[in-house]
Amino acid sequence: MTDTLAATAVYTDPTGAARALPDPEADARVRADDRGHVFHSWSAQALIDPLPVAAGEGATFWDYAGNAYLDFSSQLVNLNLGHQHPDLVTAIQRQAGRMATIQPAMANDVRGELARRIAEVAGDGFEKVFFTNGGADANENAVRMARLVTGRRKVLSMYRSYHGNTSTAIALTGDPRRWPNEPADGSVAKFFGPYAYRSPFHSTSPEEESRRALAHLEQTIVLEGASTIAAIVIETIVGTNGVLVPPPGYLAGVRELCDRFGIVYIADEVMVGFGRVGEWFAFQAFDVAPDLITFAKGVNSGYVPLGGVVISERIAGHFDTVSFPGGLTYSGHPLACAAGVATFEVFERDGILERVRDLGSRVVEPRLREIASRHPSVGDVRGMGLFWAIELVEDRETRTPLVPFNASGADAAPVAAVAAACKRDGVWPFTHFNRVHVAPPLVIGEDDLLRGLDVIDRALSAADEHTR
Ligand SMILES: Cc1ncc(COP(=O)(O)O)c(C=O)c1O
């Protein structure tokens, strides 16, 4: 095996800053293998140019040219504890030394400990955890549970949502990634969720948006046939499709509708769970409790693939004497669970939830509001904790998006220019349609956080050029 990492050592320069040595040979080798043989997700293979990454540490990663990038997207918003967190790396190494794997029908110490700790932080009424390999199969299995418990088949989910790429999860998805996968499972119906900045309900306040969105959901339930609906699946805060924070009362209203019509409420917390918004689970900020919680990503920062479903007592009880017809070879993989247990220890020892709430309200929010006040291209900023969106517009009055919905190629150029400017200035941004998201690792230093926001501030000049 070629040790490309050793060739690209990270070192500390005289000022104390971490740097990586350029290594053009390794760069060429990694590129060649990747371009020749790796088939990438969601891509036309000949039209992409994946960045070869040499090393990572905390909130920073390096390419083989020695360029450093502040990871403002936490990879795919999964790297909550940053690159190469020593506690997670050590936990995986230790677990590999004592028991690298064991099949799911057997009991295992770290698997059991992680399940217990997750159920404890999920709150009253949550009892058990079914582990999966990631977020899509967590949603897949949550829907399966809801269908079995209710004896109903239909599921409702939102437009502007992402729930994963397996067959039920992509059917639930309310964004263009579903389109080429259609016809998808026909027993999924879509509704509009609240989106105060672009209200589908012509609302003029968050409270009105909440009321009207709930009235629309109730109508959807009635017209789809309440007695046919097993579950409603909602990202507690819509992630990739806009960082849409639910307005006051909305999730409580969803809970009430689910109770009234005997529907299972599934909270997809794959992106927002485990500290992203300063809570173990984002629904805890809204004083509501779902019946099933799906999680992945932040549970162990994706160091080893892991996801799962947290199951309330009522639903878990159904399967006490009735067999659950689902399973995975790697359900509760010990290496993944060891990294999960270490995640709990780091969160508790380092006060990660408090840190995220503090940085979000004291640093990110005021700085983004100030940025918004100076850039004509910024229509809206919204978010919580270390999870924010900057929504870009051509015109603040009309709110016309800076690029059209699902834009690609030349149509997407104004946002691509912002992303390129960020990268030139050492920040790896998360952009989606007409938005730049801010989602750095939760361990990012305050200096780096401010520096990254400064870079975004400068990069937005590229968007301002396209305003009217
Ligand atoms: C809200 C949400 N649900 C589900 C998924 C799917 O997770 P995975 O890619 O681990 O299958 C994602 C992934 O981005 C997500 O953001």
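**The chain and its ligand**

Modeller: Of the 468 residues in the protein chain, 56% count as buried, meaning under 20% relative accessible area with a 1.4 Å probe and protein chains only. This is a predicted model, in which local features need pLDDT of at least 70, side-chain atom pairs count only at pLDDT 80 or more, and totals for chains, interfaces and linings use all residues. Residues are numbered from 1 along each chain as its sequence is written, and side-chain values use heavy atoms, leaving out hydrogens and water.

Colleague: How many helices and strands does the protein chain have?
Modeller: There are 15 helices and 18 strands, taken as DSSP runs numbered from the N terminus (helices H or I, at least four residues; strands E, at least two).

Colleague: Now the ligand. Which helix gives the most to the shell around it?
Modeller: Helix α6, residues 135-150, with 3 residues. The residues around the ligand include Asn139, His163, Glu235 and Lys297; each has a heavy atom within 4 Å of the ligand.

Colleague: What is 2.8 Å from a nitrogen atom of the ligand?
Modeller: An N or O atom in the side chain of aspartate 268, which is a polar contact, a pair of N or O atoms within 3.5 Å. The protein covers 80% of the 390 Å² of accessible area that the ligand has on its own, by the Shrake-Rupley method with a 1.4 Å probe.

Colleague: And which backbone takes part at an oxygen atom of the ligand?
Modeller: That of glycine 135, where a polar backbone atom is 2.8 Å from the ligand oxygen.

Note on methods:
Polar contact = N/O pair within 3.5 Å; in protein donor to acceptor, adjacent residues only side chain to side chain. Buried < 20%, exposed > 50% of the residue type's maximum accessible area, 1.4 Å probe, protein only.
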